[in-house]
Amino acid sequence: HLDLVQGFGGVPVIIPRTTQTLKHLMQYLPMDGLLVVEGNDMSDGTLLKYGCSVPGRLEGEDAQKFASDTEFDVSKDELEFALMKFALDKGCPILGLCRGSQMLNVLRGGTLIGDIESEIGHQIVHLLDGSDPAYDSH
């Protein structure tokens with residue numbers, strides 16, 4: 001993603017994921033835009049902290065089978081939710097890819113589907129075993 005930003009004349013600033021970063025968000029102004037990209041599922045606690053809806057979660061055998069797809073990274077959640085909320089409050093353009101689009105969706109009042117197969121049906125196979133040749137690791 002950074003190559004694309006630079007290829008179109010942007011100068012990306014990578015924001016460190018440390019405990020001090022949240023205290024100094026004003027130091028990143030002015031921002032021309034915020035790019036938030038892929039990552040783990042968002043933690044229930046962080047979603048609730050920001051007033052977002054919490055999706056249903058996989059349980060039992062499915063939760064074990066797809067454990068790597070359902071892990072949380074709370075420090076990433078905290079920083080990226082704070083940055084995105086900050087950017088929204090300042091009127092800064094946001095581009096969310098994958099997880100970033102899901103974050104923007106819930107911060108703006110949208111919802112997430114926790115498990116497509118159980119909530120929508122079997123029209124779409126969402127989670128595949130990592131050994132499946134059709135598995136997409138991105």
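A salt bridge here is a side-chain nitrogen of Lys or Arg within 4 Å of a carboxyl oxygen of Asp or Glu. E80 and K76 meet that definition, their closest N and O atoms being 2.7 Å apart. The model is predicted. Its protein chain has 138 residues, of which 30% count as buried, and the secondary structure comes to six helices and two strands.

**Overall layout**

- Read from the N terminus, the elements of the protein chain follow the order α-β-α-α-α-β-α-α.
- Among contacts in the protein chain with a separation of 6 or more, 67% are between residues 24 or more positions apart.
- The protein chain has an accessible surface of about 9100 Å², and carbon and sulfur atoms contribute 53% of it.

**Salt bridges**

- Six salt bridges are found in the structure.
- Side chains of opposite charge can pair when their charged atoms come close.
- E78 and K49 pair through their side chains, with an N to O distance of 2.8 Å. This pair links distant parts of the chain, since E78 belongs to helix α4 and K49 to helix α2, 29 residues apart.
- K49 has a relative accessibility of 55%, so K49 counts as exposed, the cut-off for that class being over 50%.
- D89 and K85 form a salt bridge at 3.2 Å, N to O. D89 and K85 also lie in helix α4, four residues apart, or about one turn of the helix.
- An α-helix has 3.6 residues a turn, so residues three or four places apart point the same way.
- D89 counts as exposed because its relative accessibility is 54%, while K85, at 35%, counts as partly exposed.
- A network of salt bridges links K76, D77, E80 and R99.

**Helix α5 and its cover**

- Helix α5 spans residues 99-107, and its buried residues are R99, G100, M103, V106 and L107. Viewed down the axis of α5, these buried residues fall within an arc of 130°, so they line one face of the helix.
- The cover over the buried residues of α5 includes the strands β1 (34-36) and β2 (94-96), together with the helices α2 (44-49) and α4 (74-90).
- R99, one of the buried residues of α5, is also part of the salt-bridge network with K76, D77 and E80.

**Aromatic pair**

- One aromatic pair turns up in a search of the whole structure. The pair is Y50 with F81, and the two rings are stacked, with 5.3 Å centre to centre and 25° between the planes.
- Y50 is in the loop between α2 and α3 (60-65) and F81 is in helix α4, so the pair ties together parts that are 31 residues apart in sequence.
- Y50 counts as partly exposed because its relative accessibility is 23%. F81 counts as buried because its relative accessibility is 0%.

**S43**

- S43 is found in the loop between β1 and α2.
- With a relative accessible area of 5%, S43 is buried, which means under 20%.
- Not counting residues up to four places away in sequence, S43 touches R57, F72, V74 and D77. Of these contacts, D77 is also a member of the salt-bridge network with K76, E80 and R99.

Key
Residues are numbered from 1 along each chain as its sequence is written. This is a predicted model: local features need pLDDT of at least 70, side-chain atom pairs count only at pLDDT 80 or more; totals for chains, interfaces and linings use all residues. Side-chain values use heavy atoms; hydrogens and water are left out. Buried means under 20% relative accessible area, exposed over 50%, partly exposed in between (1.4 Å probe, protein chains only). The arc is that of the directions from the helix axis to the C-beta atoms. Contact means heavy atoms within 4.5 Å. Rings of Phe, Tyr and Trp (its six-membered ring) pair if their centres lie within 6.5 Å; planes under 30 degrees apart count as stacked, over 60 as edge-to-face and the rest as tilted. Accessible areas come from the Shrake-Rupley method with a 1.4 Å probe; for residues, only the protein chains shown count as cover.
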